[in-house]
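Here's a quick briefing on a helix pair and a loop residue. Take a look at the model first.

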Amino acid sequence: MVQIASFITRIRDLLMAVSDDSLAKAEPHLLILFDYTDAYLSSDFMKFAKEEREKLDKTKTAKGATLSITGIKKILLKGYNVLIKGEGIQMSDSKSEALDYLVRNN
């Protein structure tokens, strides 16, 4: 159990570092690709991700797409998309589909 807790802490620290780095960039609009291949997403992680997204939303706009979202992860992401403002995160079946979505003008 200690290894899992340590891993979760490292992932959380990484997410915070990415969020802080994104806030420091001059660009007002971010394009973000999330690859959840072989990843486990808990409701606690999604809550934390929502909090980090809210920090970004104060000064930036972001457009996001995901890969490898199936089963319970899809349900969690749909819930996340309902809770955040903006267009949410697009679920994609392939990397090329996700990248096309990100660069497409709306």
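The crossing of α2 and α3 is right-handed, meaning the near helix is turned clockwise from the far one by less than a right angle. This is a predicted model, where local features need pLDDT of at least 70, side-chain atom pairs count only at pLDDT 80 or more, and totals for chains, interfaces and linings use all residues. Residues are numbered from 1 along each chain as its sequence is written, and side-chain values use heavy atoms, with hydrogens and water left out.

**The helix pair**
- The axes of α2 (residues 43-57) and α3 (residues 71-83) come within 10 Å and cross at roughly 30°.
- That makes α2 roughly parallel to α3 (angles under 35 degrees count as such).
- On the α2 side, the contact (heavy atoms within 4.5 Å) is made by S43, M46, A49, K50 and R53, and α3 brings in L76, L77, Y80 and L83.
- By type, the residues of this contact split into six nonpolar, one polar and two charged.

**Helix α2 itself**
- α2 has 15 residues and reaches 21 Å from its first C-alpha to its last, close to the 21 Å expected at 1.5 Å a residue.
- Its buried residues (under 20% relative accessible area, 1.4 Å probe, protein chains only) are F45, M46, F48, A49, K50, E52, R53, L56 and D57.

**Loop residue S92**
- S92 sits in the loop between β3 (89-91) and α4 (95-103).
- S92 counts as buried because its relative accessibility is 6%.
- Leaving out residues up to four places away in sequence, S92 touches A65, T66, L67, S68, E97 and A98.

Conventions:
Axes are lines fitted to C-alpha atoms, for helices over the stretch in contact, and angles run from 0 to 180 degrees between N-to-C directions. Helices (H or I, at least four residues) and strands (E, at least two) are DSSP runs, numbered from the N terminus. Angles under 35 degrees count as roughly parallel, over 145 as roughly antiparallel, 65 to 115 as roughly perpendicular and the rest as oblique. Ala, Val, Leu, Ile, Met, Phe, Trp, Tyr, Cys and Pro count as nonpolar, Asp, Glu, Lys and Arg as charged, and the others, Gly among them, as polar. The expected span of a helix is 1.5 Å times one less than its number of residues. Buried means under 20% relative accessible area, exposed over 50%, partly exposed in between (1.4 Å probe, protein chains only).
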